[in-house]
Amino acid sequence: MRVTLLGTGAADGWPNAFCRCGSCDDARRRGDHRAQTAALVDDALLLDLGADAMGAAVRHGVSLAAVRHVLVTHAHADHLAPSALLYRSWIAGVGDLELIGPADALDACRPWLGPDDPVRFRAVEAGDRVFVGGYEVRVLPARHRVFRDGDAVLYDLTGPGGHRLLWATDTGPWPPAWFDAVAGTAYDAVFLEETFGDREGLSDGHLGLSRFGRMVGKMRGVGAVVDGTDVVAVHLGHHNPPLGELRRRLAEYGARPGHDGEVLEMGRPSPRRVFVTGGARSGKSRYAEGLFAGAEDVVYAAAGGPREDDPDWARRVDEHRMRRPASWTTVEDTDVAGVLRTAGRPVLVDCLGTWLAARIDHHDAWETGDLAAVRADVDDLVDAWRTCGVPVVAVSNEVGSGIVPDTASGRLFRDELGRLNARVAEASDEVVLMVAGQPLTIR
């Protein structure tokens with residue numbers, strides 16, 4: 001079962017277009033613009049159809065033409081935009097569509113249909129069990145409402161291969177009795193809303209960080225969340241802390257923030273992530289390239305980006321390029337996180353040292369010593385590395401074993417690269433240290 005997250009944001013997205021809070025400013029600076037939460041399953045089934053869903057699909061390079069079923073949680077506009085049915089009807093031959101959801105939500109859709117539109121409705125409520133195409137759907141209660149109790153639901157979805165997910169947005173904290181419905185489910189993935197960060201008092205119909213943590217803990221207690229469950233926070237809003245802090249706090253609950261455009265392949269082993277580090281001329285790049293020996297379709301991410309008017313750098317780049325197969329694609333881009341998140345084929349990143357130097361340059365941090373923006377970029381890179389959906393190898397420099405640099409900038413670089421290397425190594429499946437051309441497997 002393949003799940004594409006079309007959006008992971010709250011009703012107002014993140015950042016909020018009208019807001020200048022620190023969380024929104026941080027998201028703008030990083031270019032992390034989250035659409036309203038929705039997901040596409042196996043190209044055939046939509047989980048919610050809010051106002052942002054169509055545009056998000058286009059931005060992430062997926063088509064909704066093959067969608068035959070939509071599971072609607074409730075009638076709030078960020079989860080249901082009935083006008084989408086009108087726009088769909090303008091496309092000839094697009095096929096039948098079934099909308100499943102609370103009766104009130106379906107009633108909101110009826111005025112947008114023509115008499116001959118091939119759309120049918122199936123009203124459900126908490127406690128129902130239905131079969132939708134090749135999927136089994138259990139309808140669960142939500143502590144959320146539009147106009148009345150019961151007009152919002154959650155979905156427990158089992159795919160044709162037996163893989164299972166929980167789509168749990170929007171909801172406030174569950175009462176204890178509700179957890180009986182998910183006891184022993186051992187979900188492959190749980191997509192759980194986390195709207196309000198530390199401002200949980202704003203609504204009983206949503207979760208903040210502490211309520212999210214308690215929900216996850218109770219799900220673990222009944223066997224709904226197990227060691228192999230990917231717990232993904234969605235419906236994220238600007239009342240949360242900036243992404244780096246949010247990531248750290250969710251990790252305390254064994255969870256992580258979702259990302260727009262992220263693809264989860266349930267039932268497949270996690271891609272292999274190999275981190276190769278070593279001193280200058282230790283053979284680390286050659287070793288890393290050898291890990292993809294025989295692969296014809298690899299993206300080589302030159303992480304420092306292009307350098308103008310540097311003949312020595314150009315010579316080194318040419319030497320590396322001549323070693324690699326002509327079929328490999330070279331990308332000179334410091335947006336390594338973006339390359340990893342959009343990758344559809346194996347990636348070799350070379351190297352993190354030049355990437356870090358480029359990010360320090362970009363943020364003018366050599367002189368100011370203000371590393372907040374650089375460290376946010378590091379947070380983003382490490383998250384993209386950990387969640388990358390293809391095999392990936394990264395090369396870095398080991399610069400902390402020699403003498404203490406005699407300049408402030410040298411010491412700054414040494415310390416920040418050491419921290420970066422440690423974090424990437426921690427998120428890797430294998431760590432290799434190159435010494436005099438010889439690989440030493442650390443893990």
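Reader: In which sense do β8 and strand β9 pair, and over how many bridges?

Author: Please note that this is a predicted model. In general, strands of a sheet pair through backbone hydrogen bonds, either parallel or antiparallel. Strand β9 covers residues 153–158, and within this pair valine 139 stands opposite tyrosine 155 in β9. The sense of pairing between β8 and β9 is antiparallel, over 6 bridges.

Reader: Which residue in β8 is the bridge partner of valine 132?

Author: Strand β7 (residues 129–132) pairs with strand β8 (residues 135–141) in the antiparallel sense over 4 bridges. Phenylalanine 131 of this pairing stands opposite glutamate 136 in β8. For valine 132, the bridge partner in β8 is tyrosine 135.

Reader: Which glycine in the hairpin of β7 and β8 takes a positive phi?

Author: The hairpin of β7 and β8 has 2 residues between the strands. A positive phi near 60 degrees is taken there by glycine 133.

Reader: Which strands are the edge strands of the open sheet?

Author: The open sheet is formed by 7 strands in the order β7-β8-β9-β10-β11-β12-β13, with mixed pairing. An edge strand here pairs on one side only. The edge strands are β7 and β13 (255–257).

Reader: What angle does the direction of helix α5 make with that of β11?

Author: Helix α5 (residues 209–221) packs on the sheet. The helix touches β10 (164–168), β11 (189–193), β12 (230–234) and β13. The direction of α5 makes an angle with that of β11 of about 150 degrees.

Notes:
Residues numbered from 1 in each chain as written. Predicted model: local features only at pLDDT ≥ 70, side-chain atom pairs only at ≥ 80, totals over all residues. Heavy atoms only, no water. Pairing = 2+ DSSP bridges. Contact = heavy atoms within 4.5 Å. Axes fitted to C-alpha atoms, helices over the stretch in contact; angles between N-to-C directions.
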